[in-house]
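Thank you for making time for this short talk. I would like to walk you through a few local details, starting with how some charged side chains pair up.

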Amino acid sequence: MIRLLLAGLFLLNIFTSAAQNKLSDWTTVQGKMEEKDFLGRKALYLSRGLAFLPASSFKEGVIEVDVAGAVMAGITFRIHNNYDYEEAYVRIVKSGNGDAMQYGPVYNDEFSWQFYQEYQAKADYPANEGVHLKLVVHLKQAALYVVGATKPSLLIDSLRMDTTGHVGIWSLATGAYFSNFAYRTLTATDTLPAIPMLPRANPAAINTWQISQPLVFDSLPGADPRKYTAALQWKQAGTEPDGYLNANKYVRKKVAGMGLQNSKDIVWLKYEFEEPGAGMRSLRFEYSNKAVIYINNTRLFEGDNSFLAKGPFFRGDIDKKMRINKVFLPVKKGKNTIYVALMSLGNGWGFMGQLGN
């Protein structure tokens, strides 16, 4: 009975009013936002997707909000017109697990959570209660606090977007109820703990690819990529320091941000290199969602690392140290070309590779 009374008092405190901003102040993307009664109090309900305050301007500072009734929901910031933004959120159904909260960049309205396992942390959430989130952002680092904790549960050493944008909220699956949303500039008391920089530089990885425009696909490409690549428009795409190429950063899916309701898209990646003579070269690599690899128009590999395709967690995770996948490339003297057909449905898509001796 005491626990029930305390839970009721906690929720009463969270939902004493709707969020500080009027419903008309918000812009929603894909989802629907409306005022609803939750536990007898007013809150802003976001059915899914992104909602933001177009009048806001935020690069660093503090963002706080109370979240309830959610499977996955959280804070978004540095939002731009093409729906590039950063997000830090809780996965309440994962309470007690090592991936109960996460951070990741969103490019072209498509988030890539499975590629940033270094920004996942354990957290315990009270059952049938609201969760208070506090995000402190300073320059390229941030810390996420939950449920009034004095120590952060998630540390972010290197935010991916060092720019000014809007602030907002995000929800997935069953939607979420938000209240007491507020943001402000940093004060003298808003100090981040020391956040060590994670080791990630891999100078041996391929750090620049050519990427094509996205195309809708119905099946995997055939054996000869030339009939697919002849009419493609190529542009340069740089990787992150560890060699990971986030395709969402350079291309926008035909239908994005809808999870498994996205369009089925394909992009081609191309990498050209010179060899002094014929022989064999190894290529270690990682990918998501589906990939077909060719060397000089010879098909070498086809794989599926999509969400729900395989274990251990059926998430489409990748190993950024590239210890799992390897093929051997029969190279020729002179110019050699690696083509990768990269396909995606839901969530992020990306590729990374490293040539061996």
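Glu118, Arg160, Glu240, Asp242 and Lys320 are joined in a network of salt bridges, where a salt bridge is a side-chain nitrogen of Lys or Arg within 4 Å of a carboxyl oxygen of Asp or Glu. Please keep in mind that this is a predicted model, in which local features need pLDDT of at least 70 and side-chain atom pairs count only at pLDDT 80 or more, while totals for chains, interfaces and linings use all residues. Residues are numbered from 1 along each chain as its sequence is written, and side-chain values use heavy atoms, with hydrogens and water left out.

Lys320 counts as buried because its relative accessible area is 17%, whereas Glu118 is partly exposed at 28%. For these words, buried means under 20% relative accessible area, exposed over 50%, and partly exposed in between, with a 1.4 Å probe and protein chains only.

How many salt bridges does the structure hold? The structure holds 19, and I will mention two others by name. Lys94 pairs with Asp99, their closest N and O atoms being 3.7 Å apart; here Lys94 is partly exposed at 22%, while Asp99 is buried at 9%. Glu275 forms a salt bridge with Arg281, where the closest N and O atoms are 2.3 Å apart, and Glu275 is buried, with a relative accessible area of 12%.

Let me turn now to the backbone. Which peptide bond is cis, with omega near 15°? That is the bond from Ser288 to Asn289, and Asn289 lies in the loop between strand E21 (279-288) and strand E22 (290-295).

Asn180, although not a glycine, has a positive phi of about 55°; Asn180 lies in strand E15 (residues 176-184) and is partly exposed at 25% relative accessibility. Met322, also a residue other than glycine, has a positive phi near 55°, and Met322 sits in the loop between strand E23 (298-304) and strand E24 (325-331). Is Met322 buried or exposed? At 0% relative accessibility, Met322 counts as buried.

Technical notes. Helix = DSSP H or I, 4+ residues; strand = E, 2+ residues; numbered from the N terminus.
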